[in-house]
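Please keep the sequence and the structure in view while reading.

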Amino acid sequence: MAADRANRPAAGPGPTDPAVEVRRSPRRRRTVSAYREGDRTVVLIPAQMSAGEEERWVRAMLDRLERRERRSALDEPELSRRALVLSAQYLGGRARPVSVRWVGNQAARWGSCTPVDGTIRISDRVRGLPEYVVDYVLLHELAHLLVPNHGPEFWALLKAYSRTERARGYLEGYSRSDGPTDRDDHDDQDDSDIREPDVDI
């Protein structure tokens, strides 16, 4: 956790619910973010924001997060079907995962895969993101079933998806407002993952 952030869980309904943690960051100037972290919701705000503004923005972000999750959440069978559709459309159907599931234990990853057993795990923080971003995360992991590293062959596979750069920009943009990010490091022979910062909504 960044040393220059003042993190504090709040207390009561709405913005003061113990399940809501407000994190103030001096790096932030104008942006407000929210994401799920296990059974908590984390709201990131500028350090200079007043208590009244904090309350208003926390309520707004909780509402927005819920609306987006309702609108775009896929259950696991739908997620698996979507992965197969994307594989057929962009990878010639060559990437055929054994399983694709949501997980709640990836705090610094959007997704991960294990090429040796064909399993893909997508962070449940991705559930509320725009559809093209969810598709990119799925495609990224599908591509790792074919190429476990991040070499030229891997990125050549993702060129077929016209929104790759836009989706990467969406995910990476929040690292610039929230500070240092874990880099996208992989064990080339086993577990591949996207290590990115938490997203704002």
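A charge is taken to sit over a ring if NZ of Lys or CZ of Arg is within 6 Å of the ring centre and within 35 degrees of the ring normal. In this predicted model, the charged end of Arg 166 sits over the ring of Tyr 132, 4.3 Å from the centre of that ring.

**Aromatic rings**

- The model holds 3 aromatic pairs, and in one of them the rings of Tyr 132 and Tyr 170 have their centres 6.4 Å apart and their planes at 85°, so the pair is edge-to-face.
- Tyr 132 belongs to helix α3 and Tyr 170 to helix α5, so this pair ties together parts that are 38 residues apart in sequence.
- Both Tyr 132 and Tyr 170 are buried.
- Phe 154 and Trp 155 also form an edge-to-face aromatic pair, with 4.9 Å from centre to centre and 85° between the planes.
- Within that pair, Phe 154 has 0% relative accessibility and counts as buried, whereas Trp 155, at 25%, counts as partly exposed.

**Nonpolar cores**

- The largest nonpolar core has 31 residues, of which Ile 122, Leu 129, Leu 138, Leu 142 and Leu 171 touch the most other members.
- Two or more residues are given to this core by each of α2 (76-90), β5 (99-103), β6 (109-114), β7 (119-123), α3 (131-146), α4 (152-158) and α5 (164-178), and the largest share, 10 residues, comes from α3.
- A second, separate core has 11 residues, including Val 32, Met 49, Val 58 and Leu 65.

**Helix α2**

- The buried residues of α2 are Leu 79, Ala 83, Leu 86 and Ser 87; seen down the helix axis, they fall within an arc of 100°, so they line one face of the helix.
- An α-helix has 3.6 residues a turn, so residues three or four places apart point the same way.
- What covers the buried residues of α2 includes β5, β7 and α3, while the face turned away from the buried side carries the exposed residues Arg 81, Ala 88 and Gln 89.
- Following α2 is Gly 92, whose phi is positive, near 65°.

Key. Residues numbered from 1 in each chain as written. Predicted model: local features only at pLDDT ≥ 70, side-chain atom pairs only at ≥ 80, totals over all residues. Heavy atoms only, no water. Core = buried A, V, L, I, M, F, W, Y, C linked by side-chain atoms within 4.5 Å. Buried < 20%, exposed > 50% of the residue type's maximum accessible area, 1.4 Å probe, protein only. Helix = DSSP H or I, 4+ residues; strand = E, 2+ residues; numbered from the N terminus. Arc of directions from axis to C-beta. Contact = heavy atoms within 4.5 Å. Phe/Tyr/Trp six-rings, centres within 6.5 Å; stacked < 30°, edge-to-face > 60°.
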